[in-house]
There are 2 protein chains.
Amino acid sequence: MRELSVKTDSKIVLLILDGLGGLPMDPSGPTELEAADAPNFDSLAARADLGLSRPVAAGVSPGSGPGHLALFGYNPLRYVVGRGVLSALGVGFELGENDLAARLNFATLDKNGRISDRRAGRIPSEKGAELVEMLNENIDLDGVEVYVIPEKEYRAVAIFRGEGLSDALADSDPQRVGLEPLPVKPTDDAPEAKRSAALANAFVEQANEILKDQHPANTVLMRGFGMHPGLPSFEEIYDLDAAAIASYPMYKGLARLAGMELLQEGEGIAGEFETLRENWDRHDFFFVHIKPPDAAGEDGDFARKAAFIEEVDAQVPGLFDLGPDALAVTGDHATPAKLKSHSWHGVPFLLSSPYTLPTAESFGERTCAGGSLGVFPAEEIMGFLMGHALKLNRYGA
Amino acid sequence: MRELSVKTDSKIVLLILDGLGGLPMDPSGPTELEAADAPNFDSLAARADLGLSRPVAAGVSPGSGPGHLALFGYNPLRYVVGRGVLSALGVGFELGENDLAARLNFATLDKNGRISDRRAGRIPSEKGAELVEMLNENIDLDGVEVYVIPEKEYRAVAIFRGEGLSDALADSDPQRVGLEPLPVKPTDDAPEAKRSAALANAFVEQANEILKDQHPANTVLMRGFGMHPGLPSFEEIYDLDAAAIASYPMYKGLARLAGMELLQEGEGIAGEFETLRENWDRHDFFFVHIKPPDAAGEDGDFARKAAFIEEVDAQVPGLFDLGPDALAVTGDHATPAKLKSHSWHGVPFLLSSPYTLPTAESFGERTCAGGSLGVFPAEEIMGFLMGHALKLNRYGA
C-alpha cells in the first residue's frame with residue numbers, strides 16, 4: 001500500500017455505524033438494518049458494491065479496539081491495543097509512544113492483606129476522583145512521570161511516561177476475593193519488563209500507603225497493561241490527510257493512534273454530519289463514527305437500533321451532495337439485539353463510487369451476503385476505498 | 001501441490017480473455033460480458049462452477065505480470081517480474097536464469113550534460129533499430145554478454161548475461177528533464193549488486209561515447225532492472241506438460257517463465273483455437289491467451305470489447321468438442337471500458353468439468369458473484385483445475 005498510494009484530489013468517507021450488523025429475532029424475520037426504513041441507504045446500495053466484512057476471525061467477537069484497527073487496515077491480530085491503552089484513550093489522554101497504561105480498580109484490603117472487595121464497594125465517581133487526586137499529588141516514581149485519571153466510580157487509568165518501559169506485565173488483580181493482590185510480574189525476560197514491573201509494584205506500594213486510611217478504597221489493583229501499538233499512520237501508509245469525527249473519547253483515541261486529526265464534533269448524529277460538511281475542503285479522508293446503534297444493540301433494543309439507523313439514513317442525502325469519490329458504510333462489528341452484545345457475525349458493507357457492480361436494491365445483511373465483494377476481512381476495506389478513489393497505482397508491470 | 005499432483009490422461013484448458021472483467025456504464029446496466037451475446041459461454045456456465053477471482057489484493061489493479069503469475073498459481077506478491085524482464089519477454093527474448101534485463105530509453109543530453117528530452121524527440125523505430133545495432137556492435141563489458149534489442153521508437157531493452165548479477169539496482173532515469181542522469185546505484189549491499197551497478201554504469205558510459213554524434217539520441221537511460229524470477233515450472237509443481245498459445249510476445253514470455261512450451265499460433269482468435277486443435281494430442285495443459293478484449297477495454301470501447309467476447313464465444317463449441325476434462329474461462333484482471341484501464345475488480349470465472357455445482361444459466365459478473373466459488377484469489381485457479389481434472393491425490397489419510 002505504501003508503494004502504490006498516490007496523492008490525488010479525490011475524497012473518501014468511511015461512515016461507521018458502531019455495531020451495525022444484526023440478526024433476525026426469528027429466523028424468518030428481518031435484521032435491524034433490514035427492518036429499518038432507510039430509503040437513502042437502499043438508494044446508495046443500488047449503485048454500490050456490497051459484501052459482508054469479517055472483523056477478526058471466524059466466530060470471534062471483537063472489542064472496539066480490534067474492530068477499528070481492522071477498519072483502518074491494520075491487522076487486528078498483529079497490532080494489539082491493550083485494555084489500559086483503550087482506557088487511556090477513553091478518558092481522552094493523548095497517549096505517547098513511550099507511555100505504559102494500565103487500568104486501575106480501587107479495592108478493599110482486609111486486615112490480613114487479602115482482597116475483600118475488588119470494587120471498593122463501588123465508591124461514587126466523586127470519591128474516585130478525589131482519591132485519584134491524592135495519588136497524583138503524592139506518588140513519585142523514579143525516572144517516569146505518572147498520570148492517574150478517573151474513569152467512573154472505582155475505575156481509573158494509570159499512565160507511566162518514560163523511556164525503556166514494557167507492557168509485558170501480568171495483572172496484580174487475582175480476579176477473586178479472599179486472595180492477596182499479586183505482585184506485578186514481567187512476562188518476558190527483557191530488562192524493560194523487569195523495570196516496568198518494579199515501577200508498577202512501587203506504584204501499588206505507595207498507593208497503599210497513601211490510601212491506608214481511605215477504607216473501603218484502601219488499595220489499587222492494576223490490570224490490562226498496554227503500550228501505544230506504534231501503528232504506521234494514515235499519512236505514511238496511504239498518503240492521506242485523515243480526519244475523524246466521533247462523539248466518544250475511545251473512538252477519538254483509536255483514530256489518533258492512526259494519526260487522524262480530531263475534528264470538534266457537533267451535537268448528536270446530525271451534528272457529526274454538520275462537522276463533516278464544515279470541514280469538507282480541509283481533508284481527503286473522513287472517518288465518521290456513530291455510536292448509538294451499538295448501545296441499542298447492547299440493550300437488546302431491536303426497534304431503537306433500527307430507529308438510530310434511520311436517523312443516520314436521513315443524513316445520507318446531505319453527505320452524498322458533498323460528492324465523496326468513495327463512500328463506505330459499515331460497522332466495526334455486529335451487535336445483534338438478539339445477543340445483546342458484540343458478535344462475530346458478518347457486518348453489512350456498502351461501497352459507493354462511480355466504479356461499482358451493483359447487485360441489489362437494498363442495504364441489508366442478506367443483500368450484502370450476495371454482493372460482488374463476498375465475505376471478506378474488514379482489514380481489506382481501506383484497499384477497496386483507495387482503489388475506488390483511484391488513489392492506487394497499478395501493481396507490477 | 002507438488003506432493004499431491006499425479007500424471008493422468010486428463011486435459012486442462014485455461015482460456016484467458018485478457019481484461020475480461022468489466023463494469024456497467026450505468027449502475028443499472030450490464031457489464032461488457034453481460035451485454036455480449038454469448039450463448040456458448042452461457043451454456044458452459046449452466047454446467048460450471050462460477051466465482052469471481054481476485055488477482056492480487058483488495059483495491060489493487062495488477063499489471064500483466066502479476067495478473068498472469070496469479071493465474072499460473074504463483075503468489076504475485078512473492079514473485080516479482082520487473083519491467084525489464086517484461087520488456088525482454090515482450091521482444092521475444094529467451095530470458096535465462098542468470099540474465100539481468102533493463103528497459104532502455106534513448107534520450108537527449110544538452111551540452112551541460114543534463115537531460116533535455118527523455119525520449120530523444122521520439123525518434124522513429126527505424127532510427128531506434130539502427131542505434132541499437134551500433135550499441136550491439138561496439139559495447140564490450142567485462143565478463144558478461146550484452147544484448148540490446150529494439151522495442152519501438154526510442155525504447156529498447158538491454159540484457160546482461162553472466163554469473164553473479166543482481167537486479168537490486170536503482171534507475172538511472174531521474175524521470176525529469178533538466179537533471180543529469182543518475183549513476184546506477186545498488187539498492188542492497190551484496191557484491192552482486194555492486195558489480196551489476198558498475199556494469200550498468202560502464203554500459204551507459206560506452207553508449208554515450210558511441211552515440212555522441214547521434215543527437216538527439218545521444219544517451220540512454222536505464223530503468224526497471226529485473227532478473228528471471230526463478231519460478232518452479234509447471235512440470236515440477238503439477239507434473240503437467242504445458243503448452244501456451246498466445247499472439248503477443250509478452251504473454252508467450254510469461255508462459256515460458258512457467259516452463260510452458262510455446263506453440264506457433266494461427267492468425268487471429270480463430271487461428272489460436274485452430275492451433276489448439278492441431279496440438280490437442282501433444283500436451284495435457286493448454287494456456288490460451290486472447291488479447292483483444294483488454295485492448296478494447298483500455299480504449300474505453302464497451303461495444304468492441306463485447307464484440308471480441310462474442311468472437312471468442314463462437315469458438316467455444318469447437319473447443320468443447322475436443323473434450324477438455326477441465327476448462328476454465330476467465331481473465332488476468334478486469335479492464336472495464338468505463339475506467340479505460342486495468343482495475344482491481346473481481347474477474348468472472350467459470351470452470352466446466354463433469355464435477356461442478358452450477359448456480360446460473362449465464363456467464364457474467366453478477367452470476368459469478370453468486371457462484372459456488374465465491375470471491376477467491378486467482379492464485380487458487382490452478383488448484384481448482386487440477387482438482388476437477390482429477391489430477392490431485394487425496395491430502396492426508
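How many residues line the largest cavity, and which lie nearest its centre? Keep that in mind as you start the tour.

This is a predicted model, where local features need pLDDT of at least 70, side-chain atom pairs count only at pLDDT 80 or more, and totals for chains, interfaces and linings use all residues. Residues are numbered from 1 along each chain as its sequence is written, chains are lettered from A and ligands numbered from 1 in the order written, and side-chain values use heavy atoms, without hydrogens and water.

**Stop 1: the largest cavity.** Select S372(A), L373(A), W344(B), H345(B) and G346(B). These lie nearest the centre of the largest cavity, which 15 residues line. A cavity is a set of points on a 1 Å grid over the protein atoms alone where a 1.4 Å probe fits but cannot get out; lining residues have an atom within 4 Å of a point. The volume is about 170 Å³, taken as the space filled by probe spheres set on the points. The count is 3 cavities of 30 Å³ or more.

**Stop 2: the lining.** Select helix 14 (381-388) of chain A and strand 2 (48-54) of chain B. Each supplies at least two lining residues. The lining divides into 7 nonpolar, 5 polar and 3 charged residues. Gly counts as polar here.

**Stop 3: the cysteines.** Select C368(A), then C368(B). C368(A) is buried (under 20% relative accessible area), at 0%. C368(B) is buried too, also with 0%. The whole structure has 0 disulfides, meaning pairs of cysteine sulfur atoms within 2.5 Å.

Terms used: 1 Å grid on protein atoms, 1.4 Å probe; cavity = no way out; pocket = protein on both sides within 12 Å on 5 of 7 lines; lining within 4 Å. Helix = DSSP H or I, 4+ residues; strand = E, 2+ residues; numbered from the N terminus. Buried < 20%, exposed > 50% of the residue type's maximum accessible area, 1.4 Å probe, protein only.
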